[in-house]
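Subject: Structure for your review

Dear colleague,

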Amino acid sequence: MHNFKRAKKSLGQNFLIDKNISNATLGFDLVEMSSIDRNCLRVAFAESLFDPPPPKAVIINEAIEIASYLGSDSSGSLINGILVTLLL
């Protein structure tokens with residue numbers, strides 16, 4: 001239950017999260033991104049704000065797996081590229 005509260009608090013900061021993601025996408029507009037890709041990025045970045053955060057490699061790998069399963073053929077590559085820029 002504690003993790004749920006942390007996640008809810010982090011996701012309540014969408015403006016901050018979206019701003020950081022936008023800075024990492026280098027001109028790629030979040031509005032043009034699929035909702036699955038955008039929300040995978042939001043959740044992954046929110047997880048990185050936890051105290052203590054999970055290992056960054058785990059955050060990135062889980063986001064890639066979810067995006068690849070639920071998104072388009074290119075979702076995994078897109079998520080990987082953005083999260084590596086954002087988190088590493």
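**Helix packing**

In this predicted model, Asn20, Ile21, Ala24 and Thr25 of helix α2 are in contact (heavy atoms within 4.5 Å) with Ile82, Thr85 and Leu86 of helix α5. By class, the contact of α2 with α5 comprises 4 nonpolar, 3 polar and no charged residues; Ala, Val, Leu, Ile, Met, Phe, Trp, Tyr, Cys and Pro count as nonpolar, Asp, Glu, Lys and Arg as charged, and the others, Gly among them, as polar.

Two packed helices are described by the angle between their axes and the distance between the axes. For helix α2 (residues 14-25) and helix α5 (residues 75-87), the angle is about 110 degrees and the axes are 9 Å apart. Therefore α2 is roughly perpendicular to α5, a term that covers angles of 65 to 115 degrees. The axes are lines fitted to C-alpha atoms over the stretch in contact, and angles run from 0 to 180 degrees between N-to-C directions.

**Two buried residues**

Thr25, in helix α2, counts as buried because its relative accessibility is 11%; buried means under 20% relative accessible area, with a 1.4 Å probe and protein chains only. A polar atom of the Thr25 side chain lies 2.9 Å from the backbone oxygen of Ser22. Leaving aside residues up to four places away in sequence, Thr25 touches Met33 and Ile82.

Ala63 is placed in helix α4 (residues 56-70) and, at 6% relative accessibility, counts as buried too. With residues up to four places away in sequence again excluded, Ala63 touches Cys40, Ala44, Ile79 and Leu83. Of these, Cys40 is 23 residues from Ala63 in sequence, with a C-alpha to C-alpha distance of 5.8 Å.

**The protein as a whole**

The protein has 5 helices and 0 strands, these being DSSP runs numbered from the N terminus (helices H or I, at least four residues; strands E, at least two). Of its 88 residues, 35% count as buried. Among contacts with a separation of 6 or more, 62% are between residues 24 or more positions apart. The accessible surface comes to about 5,600 Å², and carbon and sulfur atoms hold 58% of that area; the area comes from the Shrake-Rupley method with a 1.4 Å probe.

**Conventions**

Residues are numbered from 1 along each chain as its sequence is written, and side-chain values use heavy atoms, without hydrogens and water. Local features need pLDDT of at least 70 and side-chain atom pairs count only at pLDDT 80 or more, whereas totals for chains, interfaces and linings use all residues.

Yours sincerely

Notes:
Parallel < 35°, antiparallel > 145°, perpendicular 65-115°, else oblique. Buried < 20%, exposed > 50% of the residue type's maximum accessible area, 1.4 Å probe, protein only. Polar contact = N/O pair within 3.5 Å; in protein donor to acceptor, adjacent residues only side chain to side chain.
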